Amino acid sequence: MQKITLTKPDDWHVHFRDNLYLALTVPHSAAQFGRAIAMPNLVPPVTTVGQAQDYLVRLREHSPAGFTPLMTLYLTDNTTPADIEAAANSDFVHGCKLYPAGATTNSDNGVTDISKLSATLAAMEEHGILLLVHGEVTHSDVDVFDREARFIETTLEPLVKQFPRLKVVLEHITTKDAVDFVQQGPATLAATITPHHLWLNRNDLLVGGIKPHHYCLPIVKRHSHQQALIKAATSGNPTFFLGTDSAPHTRANKENACGCAGIYSAHAAIELYAEVFEHAGALDKLEAFASHHGADFYGLPRNTATITLAKQPWTVPEVYTYGNEVLVPFMAGQNLQWKIINE
Ligand code: DOR
Ligand code: ZN
């Protein structure tokens, strides 16, 4: 049987949600990853170090030995330089998440005008707190498929010029425009790539009937963009690294006339990436993408533990219990080729 052993990977972007839901989401991530950047878009959002600390305690209750949640703050119009200083003085907050207000799930309290946050961003630059960006404009006149490219032009490009020492991660990139911009950008700019944006293009969402379980934000794009993402992820370029954006929603909230955005991939994340890398003939680049580049960019040590994947087809469950309801995971009922094994 074919096997590969990797330095234990990290997930640089995941939605664990809270309370009852943590019983599913945290063990799934912990079975694959050493660390994970916990997104702060709870209801209400995690906007202060105190709230991040309380959330960390709840995450730790579900975390086995060997798994460390890394915390983030949710930027609002009212986040101050003092909030950033407090984050820098903690040893658990690693970044702040920028959601343009209204861009996605639980982003209503997000930033309405980034130009008003200059002092806060300057404090992040000063203290080495990373800026994690949901890169989409929200104007109703911009087509949903163009929102990432427009954000890069109108917001990201000026931002990286204005704050040349601020480390910025453009999260869950979906376009060739983003690949090119990040590749050509300064060393302070990097990007995460999700498994679903490597697996899917917009035909997988819209052809033969709408597939609500393939709906996420930023929305999946055309095939040529998917190919650009695969090329970037498998290139060995340290600018690109793993971030699943695993985003659970109940089945009822997905299979709905106004369905939520988000794809749950924590149950099989590294296996999903492995299959893409294998198809691209680049399994030898998986470890760097999954386990090295992200830690290096965040300025954290690489993990020392390892995981082993075997070529051992398995069938993804149709549903998982999620609180008192169920969720439908990515690739539900379908076969995946690689499986983590305990050696
Ligand atoms: O599809 C998404 N789901 N994109 C996001 O940006 C947020 C996430 C969520 O929290 O459900
Ligand atoms: Zn996300």
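1. What is the strand order of the open sheet of 3 strands, and is the pairing parallel or antiparallel? In this predicted model, the order is β1-β10-β13 and the pairing is antiparallel. The edges are taken by β1 (3-7) and β13 (335-341); each has a single partner strand, so one side of each lacks a neighbour in the sheet. Averaged over the sheet and ignoring direction, neighbouring strands are turned by 35° against each other.

2. The pairing of β1 with β10 can be followed at residue level. Strand β10 covers residues 306-315 and is joined to β1 by 5 bridges, the two running antiparallel. Within this pairing, Ile-4 has Leu-309 of β10 as its bridge partner.

3. Two helices should be read together with this sheet. Helix α11 (residues 269-279) packs on the sheet and touches β1, β10 and β13. The direction of α11 makes about 120° with that of β13. Helix α12 (residues 286-298) lies across β1 and β10, and runs at about 25° to β1.

4. The axes of α11 and α12 come within 9 Å, with a crossing angle of roughly 145°. From α11, the contact involves Ile-270, Tyr-273, Ala-274 and Phe-277; from α12, Leu-286, Phe-289 and Ala-290. By class, the contact residues are 7 nonpolar, no polar and no charged.

5. Helix α6 contributes Lys-176, Asp-177 and Val-179, while α9 contributes His-225, Ala-228, Leu-229 and Ala-232. The division here is 4 nonpolar, 1 polar and 2 charged.

6. Ala-232, a residue of helix α9, deserves a separate entry. Is Ala-232 buried or exposed? Its relative accessibility is 2%, so Ala-232 counts as buried, the cut-off being under 20%. Leaving out neighbours within four places in sequence, Ala-232 is in contact with Val-179, Ile-193 and Phe-240. Asp-141 is 91 residues from Ala-232 along the chain, and their C-alpha atoms are separated by 30 Å.

7. Ser-29 is a residue of helix α1 (residues 22-30). Its relative accessible area is 0%, and Ser-29 is therefore buried. Which residues does Ser-29 touch, not counting those up to four places away in sequence? They are Val-14, Phe-16, Phe-67 and Ala-266.

8. On overall dimensions, the radius of gyration is 19 Å; this agrees with the value near 20 Å that a compact globule of 343 residues would have. Taken along the principal axes, the box filled by the C-alpha atoms is roughly 55 × 45 × 40 Å. The secondary structure comprises 12 helices and 13 strands.

9. Of the 343 residues, 58% count as buried. Among contacts with a separation of 6 or more, 73% are accounted for by residues 24 or more positions apart. The accessible surface comes to about 13,700 Å², and carbon and sulfur atoms hold 49% of that surface.

Technical notes
Residues numbered from 1 in each chain as written. Chains lettered and ligands numbered in written order. Predicted model: local features only at pLDDT ≥ 70, side-chain atom pairs only at ≥ 80, totals over all residues. Heavy atoms only, no water. Pairing = 2+ DSSP bridges. Helix = DSSP H or I, 4+ residues; strand = E, 2+ residues; numbered from the N terminus. Axes fitted to C-alpha atoms, helices over the stretch in contact; angles between N-to-C directions. Contact = heavy atoms within 4.5 Å. Rg over C-alpha atoms; globule rule 2.2 N^0.38 Å. Buried < 20%, exposed > 50% of the residue type's maximum accessible area, 1.4 Å probe, protein only. Areas by Shrake-Rupley, 256 points an atom, 1.4 Å probe, with all protein chains shown as cover. Nonpolar A, V, L, I, M, F, W, Y, C, P; charged D, E, K, R; others polar.
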